[in-house]
Amino acid sequence: TPVPAPDMEGVAAALSAAMTNGAPGAMARFTGPDGVQVRTAGVRDRVSGAAMDTRARFRIGSVSKTFSSVVLLQLVDEGRVELDAPVNRYLPGLLPDDRITVRHLLTHRSGLADYTDKMFAQTVPGFEAVRNRVFSYQELLDLSLSEPRTTEPGVAYKYSNANFVVVGMLIEKTTGKKVGLEYERRIIKPLKLRNTSYVHPDTRIKGLHARGYLHPDEAGAPLVDSTEQTVSWAQSAGAVISDPADLNTFMTALMRGRLLSPAMLDAMTTVTPTDATNTRFYGLGLRRYNLTCGAQVFGHTGTVQGFYTYAFATRDGRRSLSAMANTSNRGAANTALGGTLEAAFCGKKPA
Ligand SMILES: C[C@@H](NC(=O)[C@@H](C)NC(=O)CCCC[C@H](NC(=O)C[NH3+])C(=O)[O-])C(=O)O
């Protein structure tokens with residue numbers, strides 16, 4: 001079936017809008033039946049003035065949650081974890097409610113509070129307080145458990161990083177291996193993602209990379225270079241480093257069934273609405289966006305200090321888009337960057 005060609009001028013306009021709204025630079029990489037198309041804007045380094053470069057690595061934030069979800073769902077496929085079992089069956093006594101299941105974690109319906117709301121209530125002080133800290137999973141979970149639950153288990157979607165911290169704990173308990181090794185064995189090596197890594201708690205982005213710039217809360221205050229940090233406050237919820245090509249490869253391989261059984265991929269892409277607009281949905285560690293042209297794209301977004309990311313693909317894996325702007329704490333830049341999805345997957349608007 002013919003699909004619309006990507007509107008790369010529209011993609012370029014979205015990158016430019018991200019810059020107008022405070023990003024030093026932005027980039028997008030589309031793969032489709034007619035091959036690969038890239039667009040870049042601005043700089044990856046404000047000091048050197050080096051231009052944004054689609055070969056540059058960056059922090060993908062919560063797109064990491066899809067990596068963690070794939071590993072856990074492979075363990076479900078292997079019969080080592082049951083989706084509807086209580087988390088406490090695998091981690092006895094960990095959670096204060098036996099009704100919280102593995103599936104509740106992957107669908108953000110556990111009710112576990114998101115500790116980052118308080119942690120980053122003041123953006124730059126919060127970031128400076130943790131950028132060189134190393135947390136244990138238990139410390140992060142304790143921060144969540146020190147706050148009230150946000151919903152009865154299973155009742156409502158309430159996004160929380162704590163869910164994917166517990167996913168990391170489940171992966172390490174079940175496999176006896178660190179999360180980073182499981183990403184390597186199950187995703188990075190098989191898909192040859194040469195620019196994807198999990199280096200926690202190292203603070204560097206090695207090789208050619210973009211620097212990230214954090215907007216302070218105070219209007220007019222200078223940008224903060226937030227490139228080096230442990231991301232220990234997120235770990236299996238947000239600490240993966242990648243680049244546009246690897247994210248295209250990952251999302252298309254996932255949609256083409258190279259990582260999970262057909263039944264598990266169907267479970268992963270079975271979604272429920274996350275807002276009243278009925279255009280945003282969540283499955284198992286995976287978002288679905290319904291675009292205005294009727295296209296439905298699956299993937300994840302990411303927000304980590306200095307980097308906004310979108311990484312999405314069509315359900316058949318024939319088309320994918322990854323986009324990044326090297327700023328954060330500036331919602332208008334994130335929304336502008338999101339405009340790359342409509343342009344790439346819906347093509348030129350009819351005149
Ligand atoms: C939303 C996004 N989630 C993620 O990527 C996770 C890893 N990031 C967060 O929870 C945001 C942490 C604060 C960012 C900071 N904001 C503040 O400090 C606000 N005071 C910033 O913008 O850099 C997703 O799932 O798409």
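Let's start with arginine 288: its charged end sits over the ring of phenylalanine 281, at 4.3 Å from the ring centre. For the cut-offs, a charge sits over a ring when NZ of Lys or CZ of Arg is within 6 Å of the ring centre and within 35 degrees of the ring normal. There is another case at arginine 280, whose charged end sits over the ring of tyrosine 289, 3.8 Å from its centre.

A quick word on the model. It is predicted, so local features need pLDDT of at least 70 and side-chain atom pairs count only at pLDDT 80 or more, while totals for chains, interfaces and linings use all residues. Residues are numbered from 1 along each chain as its sequence is written, and side-chain values use heavy atoms, with hydrogens and water left out.

Now, rings with rings. Rings of Phe, Tyr and Trp (its six-membered ring) pair if their centres lie within 6.5 Å; planes under 30 degrees apart are called stacked, over 60 edge-to-face, and the rest tilted. That rule gives eight aromatic pairs. Take phenylalanine 67 and phenylalanine 250: the centres are 4.0 Å apart and the planes are at 20°, so this pair is stacked. Phenylalanine 67 belongs to helix H2 (residues 63-77) and phenylalanine 250 to helix H10 (residues 244-255), so the pair ties together parts that are 183 residues apart in sequence. Helices (H or I, at least four residues) and strands (E, at least two) are DSSP runs, numbered from the N terminus.

Are these two phenylalanines buried or exposed? Phenylalanine 67 and phenylalanine 250 are both buried, where buried means under 20% relative accessible area, exposed over 50%, and partly exposed in between (1.4 Å probe, protein chains only).

Next, tyrosine 183 and tyrosine 198 make an edge-to-face pair, 5.3 Å centre to centre with 70° between the planes. Tyrosine 183 is in helix H9 (residues 179-188), and tyrosine 198 is in the loop between H9 and strand S4 (213-214), 15 residues apart. Put together, ring pairs link Phe67, Tyr183, Tyr198 and Phe250 into a cluster.

That H9–S4 loop also holds proline 201, and the peptide bond from histidine 200 to proline 201 is cis, with omega near 10°.

While we're on backbone angles, glutamine 235 has phi near 50°, a positive value in a residue other than glycine. Glutamine 235 is in the loop between strand S5 (224-225) and strand S6 (241-242), and its relative accessibility is 5%, so glutamine 235 counts as buried. Asparagine 278 has a positive phi too, near 55°, in the loop between strand S7 (272-273) and strand S8 (280-282). With 46% relative accessibility, asparagine 278 counts as partly exposed.

On to the ligand. Which residues are closest to it? Of the 19 residues that surround the ligand, the closest are Ser62, Tyr159, Thr301, Thr303 and Ser328; a residue is near if one of its heavy atoms lies within 4 Å. An oxygen atom of the ligand is 2.5 Å from a side-chain N or O atom of serine 62. A ligand oxygen is also 2.7 Å from a polar backbone atom of threonine 303, and a backbone N or O atom of asparagine 329 is 2.8 Å from a ligand oxygen.

Finally, the whole chain. The protein chain has 12 helices and 13 strands, and buried residues make up 60% of its 351 residues. Its C-alpha atoms fill a box of roughly 55 × 50 × 40 Å along the principal axes.

Notes:
A polar contact is a pair of N or O atoms within 3.5 Å; within protein, one must be able to donate a hydrogen and the other to accept it, and residues adjacent in sequence count only if both atoms are side-chain atoms.
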